[in-house]
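Let's take a walk through this one together. Have the sequence and the 3D view open side by side, and follow along.

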Amino acid sequence: MLTAKEIIETLRTKFNNHIIKADEKVSNQVFVRVVPDTLVPLIRFLSKTLSPRFLINAGTDLVRQDGKYLVSYIFSFDSDKIFLCIEVAVDAAAPDIDSITPIIAGANWSERETRDLLGINLRNHPDPRRLVLADDWPQGLYPLRRDFPYDYKPPSEPQNKVHLKKPPEGTKVIPIGPFYPVLEEPAYFKLFVDGETVVDCDYRGFYNHRGIEKIGDTKLTYNQICFMAERICGICGFIHSTCYCEAVEQAAGIEVPLRAHYIRTIMLELERIHSHLLWLGIATHIIGFDTLLMQAWRIREPVMWLCEKISGNRKTYGMNLIGGVRRDIPHQMHDKIITVIEKIERETLEVIDAVMGDTSLHVRLKDVGILTEEVGRSICTVGPTARGSGIPIDSRVDHPYAAYDRINFEVAVESGCDIWARTLVRLKETMESIKIVKQCLLEMPDGPIMGEVMEEIPSGREAICCVEAPRGEAVHYVQTGQDNRPYRWRVRAPTYPNLQCIPNIIKGERIADVPIIIGSLDPCYSCTERMAVVDVKTGVEKLYTKEEIIKR
Amino acid sequence: MLEILKPVFYLLIFPGLLFTGVLGLFFMWVDRKVTALIQSRIGPPWYQCYADIGKLLYKQVIIPAGSNRLSFVAAPLIGLAGISLAASIIWMVNINKSASFIGDLIVVMYLFVLPSLALIIGGAASRNPFSSVGASREMTMVFAYELPFILIILTAVIKTRSIIFEDIITYQLLNGAMIASASGILASIVFFICMMAKLCYLPFDIPEAESEIIGGTLAEYSGALLAIFKLTNAMMLLAVPLFLITLFLGGIDVSSIKGIVLLTSKYLIILVLVILVKSTHPRLRIDQALKFFLGPVTAIAVISVILAALGV
């Protein structure tokens with residue numbers, strides 16, 4: 001097993017002259033600053049030798065401090081429970097950087113996002129098209145730079161429209177989206193098909209930007225962001241607020257009481273239970289099995305009531321604050337929770353039995369949407385999508401947060417690589433979650449639910465936190481700042497890496513299977529797209545009609 | 001004068017369009033209600049299907065720009081005409097056996113294709129990609145299930161040595177229902193499977209596939225034209241099982257209370273089976289359905305024909 005020191009040691013021996021500084025700022029989180037030219041060789045060396053998993057990169061505007069942009073590449077050593085953050089400071093006068101996507105395919109979107117929002121130009125990127133910004137966003141305007149006001153509304157420049165790939169010879173185009181009957185959120189898959197078979201596809205998403213990160217580092221305070229973070233996702237919001245809080249707490253060294261950790265764990269697992277049951281319903285609805293949809297959602301409903309009893313809301317609990325939680329789960333409620341959970345356990349077991357024995361479900365789900373382990377690793381997929389392909393990663397075990405280091409549970413891993421394997425992973429996880437909630441209620445110690453928080457959180461610190469959402473891990477990276485707010489807050493939702501594997505897994509499949517394949521990743525577009533500055537919805541739609549009129 | 005009006009009355013009022021339509025909509029409600037109970041829902045009130053049709057009838061009819069207007073409007077009417085006629089004949093031959101005519105079995109078999117044809121014509125005329133996909137899937141499905149369907153009707157013909165309903169019914173009155181024989185039971189099973197496809201129910205609702213192609217042909221239909229499609233479906237729900245009862249389950253006897261009770265229970269058993277199958281299966285893919293019908297289903301149908309020829 002590697003330790004943080006060994007990682008620094010290894011890098012120092014190989015790249016000593018090029019490392020500006022390297023230290024373990026937070027326990028098990030290594031931050032290494034290197035000179036820009038060393039970035040690509042260093043990452044090539046890393047991926048060949050230690051092969052950490054790429055999580056995300058984040059760009060920070062440090063122009064006012066030292067005239068540079070800081071780009072941080074965050075990696076995870078899963079079995080060693082260590083985060084590694086490689087930082088590069090590029091000159092603001094010529095913000096160019098070499099792309100690492102040729103080495104790590106999963107860095108594709110993340111690098112383009114940094115380019116779109118901060119204006120870091122990429123050299124040698126295989127697909128440098130605009131990703132995050134709206135089609136009519138002006139050239140040369142970068143919303144995440146500090147001199148860009150959070151409420152500025154730029155003029156429309158429709159000529160910047162992103163051009164999707166041209167269909168290969170002999171194929172037809174079938175559009176899935178931007179609004180498709182069973183995929184309830186906006187996302188556009190342009191499928192290139194030969195007869196019934198999908199040859200390739202292109203994706204345009206990010207129709208639903210809300211500029212949350214920008215508001216986070218210009219307008220809100222530390223504690224307000226907890227509530228904003230919870231609104232990143234409509235299903236797994238608590239994951240994001242927990243992840244943000246833990247990142248800030250680690251950066252600032254705030255001690256959180258054990259009881260608060262347990263309460264967070266319980267809420268996170270309740271969220272996983274209802275999210276997985278929701279997914280089961282949607283997935284079976286996509287293939288027309290409405291009876292299972294109705295049953296899964298009926299079973300799910302008491303969890304929502306339970307959450308309402310605990311927090312006052314079915315969703316968006318608003319329970320997290322820096323340093324702890326706002327609401328206790330009093331002893332009187334334990335029996336109630338156990339009763340509800342045990343009923344869900346019984347009914348879920350019945351559903352699992354029915355699903356396992358249903359041969360017609362096997363016909364639709366087995367050997368469809370194959371994501372091989374190799375592709376899954378190269379695209380850096382996470383969560384049940386990765387675990388269904390035999391990649392045993394789960395940040396509850398790999399980077400324990402909340403009370404997970406005190407909890408016994410199994411990580412569900414399947415090696416089938418198909419939709420069926422992903423289904424099995426989710427079903428098993430639901431049962432594990434039920435166990436975890438029960439164990440938490442038993443072991444939860446008495447005590448305060450809010451820790452001591454210093455008057456002012458010191459600035460200039462940074463930390464990374466991963467939280468295992470139902471769809472995979474969410475990553476939050478926080479740099480503390482002045483004025484009671486973070487200097488930079490970077491969010492990566494689990495669907496972000498998972499969506500990038502879609503071209504790979506629908507290649508060679510039939511059109512009729514595409515909705516269920518996309519659905520099998522449990523995609524959550526709105527979480528993924530948290531980032532632009534103005535609501536672009538109307539602008540984009542107008543643009544499309546105009547274009548279409550011109551074509552006609 | 002009255003004599004001339006009689007067939008019109010048979011076709012439009014009793015036992016054709018109005019009677020089968022009203023009854024069919026009622027059983028459509030039974031279907032929805034039972035499905036709801038299986039899915040732990042409350043389900044609609046008994047008049048829901050009538051209300052649906054009534055509401056659709058006074059809603060605006062939108063004909064999509066660029067569609068083929070004539071086929072778009074004619075398609076639902078063709079389907080309705082076909083099913084009304086088929087239903088009338090099936091009822092009439094059972095009520096009054098002398099109403100049977102030579103080859104009426106063949107005629108009914110073809111009339112039952114008309115609603116599918118209507119979906120194909122309507123879908124092709126809609127100028128909507130989802131509708132065209134629906135139309136082409138419907139066509140594939142018709143090719144898939146018509147072969148075993150015709151084969152099992154052949155079973156009945158071989159057994160009774162006749163293509164007239166009257167003889168088939170009389171044969172069953174004398175020798176007992178055909179389902180009691182080896183070939184008859186195989187034929188009934190195949191008929192049931194084909195019926196699921198004809199009714200466009202799960203696992204064969206591929207041409208409509210609400211979650212894939214938003215209803216296929218029906219995507220562009222609205223108002224009265226949609227109402228006609230819905231009514232056609234409701235009448236199919238009654239008429240196709242009646243066809244099965246007439247061919248293999250001993251026919252329909254409405255001359256006595258006992259006969260009516262027997263008929264109702266036969267029909268309800270079939271209906272409950274249909275509902276159970278449809279609510280416990282996901283949708284198959286079109287290629288899987290094609291393989292299923294042209295593989296095992298056709299094989300069973302062939303066996304049933306051979307058994308019938310051997311007199312079993």
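## A walk through chains A and B

Set aside the residues within four places of it in sequence, and Ser47(A) is in contact with Ile103(A) and Ile104(A). Ser47(A) itself belongs to helix H2 of chain A, which covers residues 39–49. For a sense of scale, Ser47(A) and Tyr142(A) are 95 residues apart in sequence, and their C-alpha atoms are 31 Å apart in space. Keep in mind as you look around that this is a predicted model.

Now zoom out to the domains of chain A. The domain assignment gives domain 1 (1–132) and domain 2 (212–493). Their C-alpha centres lie 27 Å apart, and the contact between them takes 19 residues from domain 1 and 19 residues from domain 2. What does domain 1 of chain A bring to the side that touches domain 2 of chain A? The elements giving two or more residues are strands E1 (19–26), E2 (29–34), E3 (53–62), E4 (68–77) and E5 (82–91) of chain A. E3(A) supplies the largest share of that side, with six residues. Sorted by class, the domain 1 side has 10 nonpolar, five polar and four charged residues.

Next, move along chain A to a helix pair. Helix H6 (residues 222–230) and helix H7 (residues 237–252) of chain A pack at an angle of about 150°, with their axes 7 Å apart. Angles over 145 degrees count as roughly antiparallel, so that is how H6(A) and H7(A) run relative to each other. Their crossing is right-handed. On the H6(A) side, the contact is made by Tyr222(A), Ile225(A), Cys226(A), Ala229(A) and Glu230(A). From H7(A) the contact residues include Phe238(A), His240(A), Tyr244(A) and Val248(A). The residues of this contact divide into eight nonpolar, three polar and one charged.

Further along chain A, stop at the loop between H14 and H15, where you'll find Ala403(A). Why does Ala403(A) count as buried? Because it has 24 C-beta neighbours inside 10 Å, and 20 or more is the cut-off for buried. Leaving out residues up to four places away in sequence, Ala403(A) touches His261(A), Tyr262(A), Thr265(A) and Cys440(A). Ala403(A) and Gly324(A) are 79 residues apart in sequence, yet 12 Å apart in space from C-alpha to C-alpha.

Cys417(A) lies in the loop between helix H14 (395–398) and helix H15 (419–443) of chain A. Have a look at its backbone: Cys417(A) has a positive phi of about 65° although it is not a glycine. That's worth a second glance, because most residues other than glycine have a negative phi. Cys417(A) is buried, because 20 other C-beta atoms lie within 10 Å.

There is another positive phi to check, at Asp483(A), which has about 55° and is not a glycine either. Asp483(A) is found in the loop between strand E14 (472–480) and strand E15 (486–492) of chain A. Is Asp483(A) buried or exposed? It counts as exposed, because it has 12 C-beta neighbours inside 10 Å.

H4(B) passes H11(B) in a left-handed crossing. Among the contact residues are Leu77(B), Leu80(B) and Ile83(B) of H4(B), and Phe229(B), Met235(B) and Met236(B) of H11(B). By class, the contact has 17 nonpolar residues, four polar and no charged.

While you're in chain B, find the cis peptide bond that joins Leu202(B) and Pro203(B), with omega about 0°. Pro203(B) lies in the loop between helix H9 (182–198) and H10 of chain B.

That brings us to where the chains meet. 20 residues of chain B are in contact with 21 residues of chain A. On the chain B side, helix H10 (210–213) and helix H13 (286–309) are the elements that give two or more residues. That side has eight nonpolar, seven polar and five charged residues.

Definitions and conventions. Residues numbered from 1 in each chain as written. Chains lettered and ligands numbered in written order. Predicted model: local features only at pLDDT ≥ 70, side-chain atom pairs only at ≥ 80, totals over all residues. Contact = placed C-beta atoms within 7 Å. Helix = DSSP H or I, 4+ residues; strand = E, 2+ residues; numbered from the N terminus. Nonpolar A, V, L, I, M, F, W, Y, C, P; charged D, E, K, R; others polar. Domains from an automatic or database assignment. Axes fitted to C-alpha atoms, helices over the stretch in contact; angles between N-to-C directions. Parallel < 35°, antiparallel > 145°, perpendicular 65-115°, else oblique. Left-handed = near helix turned anticlockwise from the far one by under 90°.
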